[in-house]
Amino acid sequence: GFLAADTSGKLYSTHDIWPIPSLAVVMAPKEGSRWAWGAGILWPYDVNYQWDLFRSPLGYNTDYEFHTKKNFHTDLDVMDVHPTLARQLSDDLAVGVGVSITRGDIVFRRVVSVPNPLGNQLDDYPINAFYGDYRMEGNGFGFGANAGVHWKASDKLTVGFSGQTPISIPMNGTAEMTMAWPINPQRQSTEGSLYPDRVRSFFVGVNDEVLSEP
């Protein structure tokens, strides 16, 4: 997928969102039983948008190809598995409880601009900022519960009440940022610089070197 652009300059994301139906099954052990149980699978949230929005500035020499990938990406999925149990307390009153077992997955990618810290004559355009390809992904589980009451007040009036706890999904995962250093031979000189190792790393493209503070 590539971005599509119309004559007005609007940009549209590629997307991959499919309508996923919910599914529920309810069972009773035998006819006339006051117990019933069931389970549901719900997909309350699913979004997946991707944009190809970034190009390195003209004159910014780098061997990192931002445009070969979708450099802005948001993907969030939430799925809920929901077992339930209900009991008929009397001919007019029934109660039910359920447990939410919720799974969340996220992918988040952005291009990050990092200001050039080297100062005058070393931070003029187009190297006034360096660019990082930031990507975060993670997943986790959350738990909640709900309960409901069904009351038949009369032959013509039935009342129901229900409530649900909020659900938080703590997520664990990884985050990384790949820096795209400019490779500019004219700026390789470190003479007179307060940070010679840092200048060399920024402008020669040595991106696997550990830099230490002076």
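**Close-up 1. Arg135 and its partner Glu137.** Welcome to this predicted model; we start at Arg135, which has a relative accessible area of 30% and is therefore partly exposed. The side chain of Arg135 meets that of Glu137 in a salt bridge, with N and O 3.3 Å apart. Is Glu137 buried, partly exposed or exposed? Its relative accessibility is 36%, so Glu137 counts as partly exposed. The pair is one of 4 salt bridges found in a search of the whole structure.

**Close-up 2. A salt bridge between two loops, Asp91 with Arg34.** Here the closest N and O atoms of Asp91 and Arg34 are 3.6 Å apart, and the two residues form a salt bridge. Distant parts of the chain are linked by this pair, 57 residues apart. Asp91 sits in the loop between β6 (72-88) and β7 (93-115), while Arg34 belongs to the loop between β4 (23-27) and β5 (35-51). Asp91 is exposed, with a relative accessible area of 66%. For Arg34 the relative accessible area is 34%, so this residue is partly exposed, falling between the 20% and 50% limits.

Close-up 3. Why does Asp133 count as buried? Its relative accessible area is 7%, and buried means under 20%, so Asp133 qualifies. The side chains of Asp133 and Arg109 are also joined by a polar contact of 2.5 Å. Which residues are in contact with Asp133, once neighbours within four places in sequence are left aside? They are Tyr64, Phe66, Arg109, Arg110, Glu176, Met177 and Thr178.

**Close-up 4. The largest nonpolar core and Val111.** How many residues make up the largest nonpolar core? There are 8 in all: Phe54, Tyr64, Phe66, Phe72, Val111, Ala129, Tyr131 and Ala180. Not counting residues up to four places away in sequence, Val111 touches Phe54, Phe66, Asn71, Phe72, Tyr131 and Gly132.

Definitions and conventions
Residues are numbered from 1 along each chain as its sequence is written. This is a predicted model: local features need pLDDT of at least 70, side-chain atom pairs count only at pLDDT 80 or more; totals for chains, interfaces and linings use all residues. Side-chain values use heavy atoms; hydrogens and water are left out. Buried means under 20% relative accessible area, exposed over 50%, partly exposed in between (1.4 Å probe, protein chains only). A polar contact is a pair of N or O atoms within 3.5 Å; within protein, one must be able to donate a hydrogen and the other to accept it, and residues adjacent in sequence count only if both atoms are side-chain atoms. Contact means heavy atoms within 4.5 Å. Helices (H or I, at least four residues) and strands (E, at least two) are DSSP runs, numbered from the N terminus. A nonpolar core is a set of buried Ala, Val, Leu, Ile, Met, Phe, Trp, Tyr and Cys residues joined through side-chain atoms within 4.5 Å.
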